[in-house]
Amino acid sequence: MKLLACFKVVPDMEAINSTDWEVTDSLSVDLSYVRLVWNCFDESSLEMLLKLSDLSEGFPALVNLWALTVGQKNADSYLKTLYALGYERAVRVEEDRDLRFCPEWMAEVISAFVKKENTVDGIVMGSVSSDGNNGMTPYLTAEKLGWPCISQVIGMEPVDDTHVKVVSQQDHGNVTQVVKLPCVFAVGNAPCSYLRVPTLKDRMKKGKKPIEYLDISQLGLKKEISGEGFVLTGLEPVRQERDGVIIEGETAAEKARILYQDYLRERLDAL
């Protein structure tokens, strides 16, 4: 079976100081100095597929892993890493526009690639990206392909050439089901949250394979972005500070008494 992992690299938002969060007139924040990292949910999906490939050894199902990203040249080193880890094919669709808020266009590109190849049995991607935070790309991709979509996937195991066992999170607990391919899998808070690191030997042996580059026109698409009528009108950080109260008192014992009487006693009595 051929499984396609779709991923993106994003700026490490945790590396931005609060003092550096200054919105320019073009409604953007300077991220030129911030390093790029795997989108966290995409990283989980990439590692999940590697584990699936490991489990397929000795099974009649042979798992062939492909990777696809849409973006600029700064994603090439990440594609080389996937080669070193055992991915058979690494493809980048050339795109220099800001696509953070264009999930429909991203789904259009992914589905066009799948239709062009006509050999992909399943798509695995993160449920949401940290920059756009739309959470719509997996569902829109499934809709354009006419495939089912399973969300919040946290585990996958091989069954045979046309089926995989999938564990997904739901409100009432985890659900395990055997799924017939093709299907789109949106990975959520999976236990395998970090991608393994390739050895130097693997980097030297496999990481030098040429990356495949595709233009939008090669996928039969035009340059116009679907949904480009959406306009970004504002950008501001989300404040998550908590209110605090300073307890006044002469001694530690007095402060503890005030804490208990004014804040904790009512809650403890309710228990």
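What you're looking at is a predicted model, where local features need pLDDT of at least 70, side-chain atom pairs count only at pLDDT 80 or more, and totals for chains, interfaces and linings use all residues. Residues are numbered from 1 along each chain as its sequence is written, and side-chain values use heavy atoms, with hydrogens and water left out.

Let's start with the overall picture. The C-alpha trace spans about 75 × 50 × 40 Å along its principal axes. Of its 271 residues, 42% count as buried, meaning under 20% relative accessible area, while exposed means over 50% and partly exposed is in between (1.4 Å probe, protein chains only).

Now find strand 7, residues 149-160. Two strands pair if DSSP finds at least two bridges between them. Strand 7 has six bridges to strand 8 (residues 163-170), and these two run antiparallel. They form a hairpin with two residues between them, and D160 stands opposite H163 in strand 8. Strand 7 also runs parallel to strand 10 (residues 183-187), joined to it by three bridges. Here C149 stands opposite V184.

Next, some aromatic rings. Rings of Phe, Tyr and Trp (its six-membered ring) pair if their centres lie within 6.5 Å; planes under 30 degrees apart count as stacked, over 60 as edge-to-face and the rest as tilted. The structure holds three such pairs. One of them is F7 with W38, a tilted pair at 5.4 Å centre to centre and 55° between the planes. Because F7 sits in the loop between strand 1 (2-6) and strand 2 (9-11) and W38 in strand 3 (residues 36-38), this pair ties together parts 31 residues apart in sequence. F7 is buried, at a relative accessible area of 5%, and W38 counts as buried at 14%.

W38 also meets Y78: their ring centres are 4.9 Å apart and their planes at 85°, so this pair is edge-to-face. With W38 in strand 3 and Y78 in helix 2 (residues 76-85), the pair links parts that are 40 residues apart in sequence. Y78 is buried too, like W38. Together, F7, W38 and Y78 form one aromatic cluster.

Notes:
Helix = DSSP H or I, 4+ residues; strand = E, 2+ residues; numbered from the N terminus.
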